[in-house]
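Keep the sequence and the 3D view open while reading.

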Amino acid sequence: MSAPPRHLGDFDLAVVGSGCAGSVLARAVKNAGRRVLLVERGRHPRFAIGESSTPLAALALERLAERWEMPDLRDLAAYGRWRARLPHLRRGLKRGFTFYRHERGLPFRNDIGNEHRLLVAASPDDEVADAHWLRADVDHHLVTAAEAAGVCYRDRLALDGCEIGDDGVRLAGAGEDGRVTARAAFVVDASGPGGFLAQALGIAAGEPPVPLDTGLLFAHVTMPRTFVEAAVAGGARMDAGPYPDDRAAVHHLLAEGWTYVLPFDHGVASIGFLIEGPPAAADLDPARDPTAAWRQLLAHYPTLQAQLGDADFVIGPRWVPRVPHRLARAAGERWALLPHAFAFTDPLFSTGLAQSFLAIERLAAHLVDGDGTFEEYGGLLAREADQVQRLVALAYAARGDMRAFIAVTFLYFTTVSFEEVRQRLLPPPAGRSWCWQGFLGAGDPALEATFADAAAHLADGPEPFAAWIEQQIEPRNVVGLADPARRNLYPVDLDALVAAAPRLGLTREEMEAALPRLRGR
């Protein structure tokens, strides 16, 4: 006869999944004096695809650090603080976003106008810059910090039962020492796509507003040379920009989709090829032989081949046949999903960390302070997923023409930079925390309409589309985008910000006095 299951205890909150988001949520609620269970199927340290932070993610981290007494999150929010105070956690410098457009079979071409190159700075210097996260290091640090704070952490525990009743949530699963049970007032799923609650509660798939079919071929590799070195050797002109091109989230636009390159300080880069549609349509078979598909993709683009052709694999390559996913609901009675468990579209524009930490702020505020409702939380996640899906689909559709694609990036950068400056310098509306402000314009009727209408205007052609985008972004363009004199090289322009002070309801003098608060100085 088998032994009865061991009861782990009764908790105020159970979090399933101990990635960076799950561990931060668990520690925040524990630091508020609640009883918290954190469950992990695997064991740290473990591999996870590298992620790239952004200014809005940094803002959320800084608010979480202050409100829930987690000072290490403030260190993670800026590259300089991270390197000085958490040097054992590997990371990469991210000064901004770099984009290149390639033509299949040809070396990368570029001249004085930078017609195939775009650099947009997100910070004025390295000290307050964003960072690429080596997730194996960061996730291990965060789960260790959660356990040290008193979170009841159980790894190598596979949950397979979930019953929700009036008296709470009853969980059951199997660990190395046999069957276990636990009870919690609420459960949050941070386990990612197709995770625990999606299966246990039978949550149906949701319908995205813009379907997108992409797979991901990814690896960690050594970095033998920079792309600029390879491009210059191939005859491209690469004038100095506002930051070194590769100290950024680097995007290569390809016929098959696009490629990200996130360089870490220890000479390794996280690289992924996002391939649109069935790989067979691109004469690839990554499911059968990921390494051969990787080599074949590089061979299609001579300058990428020159940069990465002799790189050594540290991890991978590995193939994920489908990246986008979405569920019908993000929250219900006594349960909620974090963003990646609810919906994910694509790593384009590095939206993941900002969405995750905003959601953590909302859930912690609701569970501890009673701020907001699960209905409000779920509805906001759905609207944010709509915005991201529309933006990403628009970028994919525009990537064949650099003029049109740059216009899409302006829509993104204007939206997020306006929100960053507003949140740094102004009090939140209606006395609520900034975390309830929808990401990427979610909840703003004008911005939602712009994102929804943009695809129809793209069909008018690159030049009319670019003109329409510039008209749409004008009321929120506080950072000097769409300036032909910049030749697609955009620094942090404080003069443009001061001149745009009235768009934020400030005088020039008020803006000048507030500038030190930008980027967490």
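**A strand and its neighbours**

Strand β12 (residues 214-222) and β15 run antiparallel and are joined by 9 bridges. The model in which this pairing is found is a predicted one. Within the pairing, G215 has I275 of β15 as its bridge partner. Strand β14 (residues 257-263) also runs antiparallel to β15, and 7 bridges join these two. Here Y260 stands opposite G272 in β15. A hairpin is formed by β14 and β15, with 4 residues between them. In the turn of that hairpin, G267 has a positive phi of about 85°.

Is strand β15 enclosed or open? Of the 9 residues in β15 (residues 268-276), 8 are buried, so the strand is largely enclosed by the rest of the structure. S270 gives an example from this strand. Buried means under 20% relative accessible area. S270 has a relative accessibility of 2%, so S270 counts as buried. Leaving aside residues up to four places away in sequence, S270 touches I49, G50, A219, H220, Y260, V261, L262 and F264.

**Rings that meet**

Another edge-to-face pair is made by F273 and W294, with 5.0 Å from centre to centre and 85° between the planes. This pair, too, links distant parts of the chain: F273 belongs to strand β15 and W294 to helix α8 (residues 290-300), 21 residues apart. F273 counts as buried at 2% relative accessibility, and W294 counts as buried at 2% as well. Ring pairs also link F97, F99, F349, F405, Y412 and F413 into a cluster.

R67 lies over the face of W68, at 3.8 Å from the ring centre. R334 lies over the face of F186, at 6.0 Å from the ring centre.

**Charged pairs**

Side chains of opposite charge can pair when their charged atoms come close. The count of salt bridges in this model comes to 37. In one of them, the side chains of R156 and D155 meet at 3.3 Å, N to O. R156 is partly exposed, with a relative accessible area of 29%, and D155 is partly exposed at 23%. D285 forms a salt bridge with R288, and their closest N and O atoms are 3.3 Å apart. D285 is partly exposed at 38%, whereas R288 counts as exposed at 66%.

Which parts does the salt bridge between E474 and R503 tie together? The two side chains meet at 2.8 Å, N to O. E474 lies in the loop between α15 (462-473) and β21 (489-490), and R503 in the loop between α16 (494-499) and α17 (508-514), so the pair ties together parts that are 29 residues apart in sequence. E474 is partly exposed at 42%, and R503 is partly exposed at 34%. Elsewhere, E51, R135 and D139 are linked in a network of salt bridges.

Technical notes: Residues numbered from 1 in each chain as written. Predicted model: local features only at pLDDT ≥ 70, side-chain atom pairs only at ≥ 80, totals over all residues. Heavy atoms only, no water. Buried < 20%, exposed > 50% of the residue type's maximum accessible area, 1.4 Å probe, protein only. Pairing = 2+ DSSP bridges. Contact = heavy atoms within 4.5 Å. Salt bridge = Lys/Arg side-chain N within 4 Å of Asp/Glu carboxyl O. Phe/Tyr/Trp six-rings, centres within 6.5 Å; stacked < 30°, edge-to-face > 60°. Lys NZ or Arg CZ within 6 Å of the ring centre and 35° of its normal.
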